[in-house]
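I opened the model to take notes on its overall build and then on a few places inside. The entries follow in the order in which I looked things up.

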Amino acid sequence: MSQQATEVTHRLVPSPAGRIHVVERGAGPLVLLVHGFPESWYSWRHQMPVLAAAGYRVAAIDVRGYGRSSKPGDREAYRMLELVEDNVAVVHALGERSAVIIGHDWGSAIAANSALTRPDVFRAVGMLSVPYAPRGGPRPSEVFAGMGGDEEFYISYFQEPGRAEAEIEPDVRGWLAGFYAAMSAGTQPAPDAPSPHFVSRGQGERLRDRFPSDRLPAWLGEDDLDVYSGEFERTGMSGGLNRYRNMDRDWKDLADFDGAPITQPSLFIGGDLDASTTWLTDAIRAFPTTLPGLLSSRILDDCGHWIQQEHPTEVNRLLTDWLASLPA
């Protein structure tokens, strides 16, 4: 583990999940950092010292189901509104009334919905990799089932409890290494190669069959991979995968927010080689309507999905500039 990731304070705070693991650094206005799949608080290791030095109290969490946070057994416990309430509980447990929230990947969606549904607590929102797209349209499962033709989209592949776990858990470290490489600039498959976001429909087909298996991305050291794989070898993968298994429930739960904009000050950072960004270009084009408080939107060159780890210096600059521009 890097030195900058060890110079932090760890604590467990009560939440609707039971407890949430919070890693803190610095003093000042609270900035809450929310990771995605398959990561942990550690994915913010490059941001925490910089934001703390800029005068902020930085708190990175393990989302419920990950790391040292509680892992409820009920799949419905991983619905979006439950995760929002975890974030609210963390802010209050830290003795604060409000916070800026920043998320990556699923953390971006969690941060966006935290700002949308609890504007009394979250005064600004930063989103990395996955742009905000308001609730609407058909059920998500219907959309994903129609993607890929003869191939199955990875989110559909993740739906059946135990199916993805059976692929991942016998070799967590190897699977994570391949998954990270498959979505990183410099190691992702060539454009004409089979997409790692799909799996062939057939007996025994696996996502990892399309992952690179001979190299790590430049941003991921062996020690970093040890941290990630060590957490998932201890907790299993179901906590993270259950987030995908609640997308239809979220669609129902958020019906009152259909088409709703996020009005607080916001930021978006995407990668030009990240499918999460390129597939959702229509959502980015809609930002003038969906994010009327948008202060900054950038697409980083030669950048894959793991934005804050692939390009930490540029992301840190964009975050600190945006945070400095927020109303006090």
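I began with the secondary structure of the protein chain, which comes to 16 helices and 10 strands; I keep in mind throughout that this is a predicted model.

Next I looked up the overall dimensions. The C-alpha trace of the protein chain spans about 55 × 45 × 40 Å along its principal axes. For 328 residues a compact globule would have a radius of gyration near 20 Å, and the 18 Å that I find for the protein chain agrees with this. Of the 328 residues, 57% count as buried, and among contacts with a separation of 6 or more, 78% are accounted for by residues 24 or more positions apart.

I then turned to strand 5, residues 99-104, and noted that 6 of its 6 residues are buried. Which of its residues point one way and which the other? I find A99, I101 and G103 on one side and V100, I102 and H104 on the other, and all are buried.

For the partners of strand 5 I checked both sides. Strand 3 (residues 30-34) pairs with strand 5 in the parallel sense over 4 bridges, and here L33 stands opposite I102. Strand 6 (residues 122-128) also pairs with strand 5 in the parallel sense, over 6 bridges, with H104 opposite L128 of strand 6.

Helix 4 has 12 residues and reaches 16 Å from its first C-alpha to its last, close to the 16 Å expected at 1.5 Å a residue.

Why do I call helix 4 largely enclosed by the rest of the structure? I do so because 12 of its 12 residues are buried; among them are W106, I110, N113, L116 and T117. As for what surrounds them, the buried residues of helix 4 pack against strand 3, helix 3 (80-93), strand 5, strand 6, helix 10 (238-244) and helix 11 (247-253).

I went on to the largest nonpolar core, which has 98 residues, and asked which members touch the most others. They are L32, F37, M48, I102, F158 and I269, and I102 is a residue I had already noted in strand 5, opposite L33.

My last two entries concern single residues. T290 is found in helix 14 (residues 287-290), and I count T290 as buried because its relative accessible area is 9%, under the 20% limit. Its contacts, neighbours within four places in sequence left aside, are Y132, P134, P261, I262 and A283.

L280 has its place in the loop between helix 12 (275-278) and helix 13 (281-285). Is L280 buried or partly exposed? At 31% relative accessibility, L280 counts as partly exposed. With neighbours within four places in sequence left aside, L280 is in contact with V130 and P131; L280 and V130 are 150 residues apart in sequence, yet 7.9 Å apart in space from C-alpha to C-alpha.

Technical notes: Residues are numbered from 1 along each chain as its sequence is written. This is a predicted model: local features need pLDDT of at least 70, side-chain atom pairs count only at pLDDT 80 or more; totals for chains, interfaces and linings use all residues. Side-chain values use heavy atoms; hydrogens and water are left out. Buried means under 20% relative accessible area, exposed over 50%, partly exposed in between (1.4 Å probe, protein chains only). Helices (H or I, at least four residues) and strands (E, at least two) are DSSP runs, numbered from the N terminus. Two strands pair if DSSP finds at least two bridges between them. The expected span of a helix is 1.5 Å times one less than its number of residues. Contact means heavy atoms within 4.5 Å. A nonpolar core is a set of buried Ala, Val, Leu, Ile, Met, Phe, Trp, Tyr and Cys residues joined through side-chain atoms within 4.5 Å. The radius of gyration is taken over C-alpha atoms; the globule rule is 2.2 Å times the number of residues to the power 0.38.
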